[in-house]
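This report describes a structure with the sequence at hand. Please look over both before reading on.

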Amino acid sequence: MALREALESGRFAVTTEVGPLKGTDTTEIMEVAEILHGKVDGVNVTDQQSAVMRLGSLATCALLVQKGLDPVFQMTCRDRNRIALQSDLLSAHVLGVKNVLVISGDFPTLGDHIDAKDVYDLDSEQLLWTINQMNNGHDLIGNELKGKTSFLAGAVVKPVSDTDASFELQLAMMEKKISVGARFFQTQAVYEVSAFERFMKRAAKFKVPVLVGIIPLKSVGMARYMNKNVSGVFVPEPLIDEMGKAEDKTAKGLEVAARLINDLKGLCQGVHIMAIGWEKKVPEILRLAKLA
Amino acid sequence: MLRSEQKPFEEILGYLEGDKKIFLLGCDGCAHSSRTGGWPQVLAMKERLEGAGKKITGHTVIDFLCQKALVASRLRPLEDKVMEADSLLVLTCGVGVQATAAMVKRSVHPGCNTISLGGSRGEWRGSERCVECGDCLLHYTGGICPLTACSKGLRNGACGGASKGTCEVSPEKPCGWELIYERLKEVGRLDQLKQFVPPKQWNKQRPRPEILSTSLWALEQRDQSSEEGKG
C-alpha cells in the first residue's frame with residue numbers, strides 16, 4: 001500500500017506517524033514499523049517535533065523505506081535555510097522517500113533548545129513551491145537538476161479555530177498552498193464532528209484530499225492539557241466526561257478514536273492518526289473503526 | 001536615520017494595478033535625505049504616475065511620516081482627497097508606511113525599499129516595525145510588516161500556532177497575521193491573501209557598496225580612517 005495510490009484511487013486513506021527519539025536507539029521505531037507494515041498507507045516521521053532535538057526525520061524515513069513502508073517526510077521551515085532544505089529533498093529522493101509534508105514548525109522557545117536561532121528562510125508556501133520546482137527539474141533559482149524529484153507534497157491545515165480571522169486565514173492559506181503544489185492535507189486533531197463539517201463545507205470545493213487528524217485520548221488530564229495548550233484542539237466537555245467515567249481509560253480512548261473516525265470519514269478522504277506513544281495500538285483503532 | 005531607495009517604477013505600477021486614483025505621500029525626514037521621498041521625488045513621481053494614466057487625487061510631504069499622530073493631524077485637512085483615492089503610494093521607509101496604514105482606512109503601498117543601517121525605529125518607538133530588509137513587502141499586507149508583526153516572519157500567512165488571536169511564542173503578542181487579516185478586511189483587499197509571495201531576497205538586506213558610500217556609515221568609516229591616519 002502506498003499513499004499516492006490510495007489518494008489517487010479515491011480509497012479512504014489511512015496514515016499515522018512516528019516520532020524519533022532523542023538518541024541513536026531505533027528499537028522502538030523498528031518494532032512499530034513491523035506492526036504497521038501492511039496496515040497503513042503512509043507513515044509520517046515528525047521533524048524535531050515541538051522543537052525538541054531528536055533523531056532526524058530523513059534518516060528515519062530511510063529506515064522505514066528499507067522496512068517496506070511508505071514514509072511521509074515531515075519538513076519544518078524552522079531549522080534549515082533554502083540550501084539545506086533543497087539538499088535534504090534531493091537526499092530524500094535518492095533514499096526512496098516519495099512523500100513530503102511541509103510545516104512551519106513550532107518556534108524554538110517552545111522546545112528544549114530555547115536559545116536556538118530560528119530560520120524560516122522559506123515559509124510553508126515557499127517550500128511547497130520549491131518542491132514543485134524540483135519535481136519539474138529545477139532548483140529554487142531555476143538551475144537545472146541532473147535528475148529531478150517526484151514527490152507527492154502535502155501540507156497541514158487547522159480546521160477549527162477560536163477566531164474568525166484564524167479560520168478564514170487557514171482557508172485562504174489552504175487555497176494558496178494548493179496553488180503552489182500541495183496535493184493533500186493533514187489536519188490538526190478533530191474531536192467535534194460539527195466543527196469539522198463547518199470547515200469541510202468551505203474546503204471541499206478545493207477538491208484536494210483531506211486526511212482528518214485523530215489523536216486518541218489517554219486521560220481526562222490529556223484532554224484538558226490539549227484544550228489549554230494546543231492551538232486548534234478543542235475536546236468537548238461531554239467527551240471529557242465520557243473519558244472520566246470509563247473504568248478502562250485505554251479501551252475507552254481507543255473506542256472514542258474509532259468512533260470519531262467513523263463519524264468523520266464521510267466528510268473527507270482519509271484519516272491521519274497521531275497516536276503519541278500509542279503507535280503500536282494503531283492497528284487496534286483501525287480494527288475497531290472497521291478499516292482493517 | 002533610516003536610509004531608503006525607490007523601488008523600480010515597474011514594480012510600483014504592479015502594486016497599483018487596478019487602482020486608478022492615487023494619493024501620494026512623501027516624508028521630509030530620512031526619505032528627504034535619502035532623496036527618495038522628499039518634495040522633488042514626490043513631484044517627479046506624480047508626473048510619472050500621471051504619465052502612466054493614474055489620477056493623483058492629492059499629494060503632500062510630512063516631516064516625519066514615522067510620527068503616527070503627526071500623520072493623522074497633517075492628513076486631516078486633506079481627508080477628502082485621501083479617501084477619494086483607491087490607495088496611497090508612500091515614498092518613505094517601512095516605519096512611515098506602517099504609520100500611515102495605521103492612520104488611514106485605505107490600502108497603502110510602499111514606494112521604497114528600506115536599506116539596513118543597523119536598526120532604527122524612527123519616531124514610532126513602541127516596538128520594532130521595520131527590519132530594513134531592502135525588499136519591502138508592505139504592499140501584500142495592507143501596511144503591516146509580516147517580518148516584525150509575525151514572530152516567525154512568515155511571508156505568506158499564519159502558522160497554526162495562534163490561540164485566541166495571540167502568538168504561540170508569547171501570549172502578550174497578538175498574532176501578526178490575524179492583524180494583517182483584519183487590516184486587509186478593513187480596506188477591502190482580502191484578495192491579497194491569495195497572492196503567493198516568492199522566496200525573499202535576503203541578499204538585499206546587506207547594503208550595497210554604492211549605497212553605503214553615500215550614507216552616514218561611509219562618513220563614519222572616513223572619520224575612523226582619518227583618526228587612524230593621525231596615529
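## Basis and overall content of chain B

The model is predicted. Chain B contains 11 helices and 6 strands. Of its 231 residues, 46% count as buried.

Four strands of chain B form an open sheet in the order E3-E2-E4-E5, and the pairing is parallel. Strand E3 (55–62) and strand E5 (107–110) of chain B have a single partner strand each and stand at the edges, so one side of each has no neighbour in the sheet. From one strand to the next, the twist averages 25°.

Within this sheet, strand E2 of chain B, residues 21–27, pairs with E3(B) in the parallel sense over 7 bridges. Opposite Gly26(B) stands Val61(B), which belongs to E3(B).

## A buried helix in chain B

The buried residues in H6(B) are Gly94(B), Val95(B), Gly96(B), Val97(B), Gln98(B), Ala99(B), Thr100(B) and Ala101(B).

## Contact between chains A and B

Chain A brings 31 residues to the contact and chain B brings 26 residues. On the side of chain A that touches chain B, helix H5 (124–135) and helix H6 (164–179) of chain A each supply at least two residues. H6(A) gives the largest share of that side, 9 residues. By class, the side of chain A that touches chain B is made up of 12 nonpolar, 9 polar and 10 charged residues.

One helix pair joins the two chains through H6(A). Its partner is helix H9 of chain B (residues 176–186); the two pack at an angle of about 90°, and their axes are 9 Å apart. H6(A) is therefore roughly perpendicular to H9(B). From H6(A), Ala165(A), Ser166(A), Glu168(A) and Leu169(A) meet Trp177(B), Glu178(B), Tyr181(B) and Glu182(B) of H9(B). The contact of H6(A) with H9(B) divides by class into 4 nonpolar, 1 polar and 3 charged residues.

## Helix packing within chain A

Helix H9 (residues 237–245) and helix H10 (residues 249–264) of chain A pack with their axes 8 Å apart, at an angle of about 145°. H9(A) contributes Leu239(A), Glu242(A) and Met243(A) to the contact, while H10(A) contributes Lys249(A), Lys252(A) and Val256(A). Of the residues in the contact of H9(A) with H10(A), 3 are nonpolar and 3 are charged, with no polar ones.

## The nonpolar core

The largest nonpolar core has 137 residues. Those with the most contacts inside this core are Val100(A), Val102(A), Leu128(A), Phe185(A), Val212(A), Ile214(A) and Leu88(B). H10(A) supplies the largest share of the core, 7 residues.

Which residues does Val212(A) touch, leaving aside those up to four places away in sequence? Val212(A) touches Thr187(A), Val190(A), Phe196(A), Leu264(A), Cys268(A), Val271(A) and His272(A).

Key:
Residues numbered from 1 in each chain as written. Chains lettered and ligands numbered in written order. Predicted model: local features only at pLDDT ≥ 70, side-chain atom pairs only at ≥ 80, totals over all residues. Pairing = 2+ DSSP bridges. Axes fitted to C-alpha atoms, helices over the stretch in contact; angles between N-to-C directions. Contact = placed C-beta atoms within 7 Å. Nonpolar A, V, L, I, M, F, W, Y, C, P; charged D, E, K, R; others polar. Buried ≥ 20, exposed ≤ 12 C-beta atoms within 10 Å, placed from the backbone. Parallel < 35°, antiparallel > 145°, perpendicular 65-115°, else oblique. Core = buried A, V, L, I, M, F, W, Y, C linked by C-beta atoms within 7 Å.
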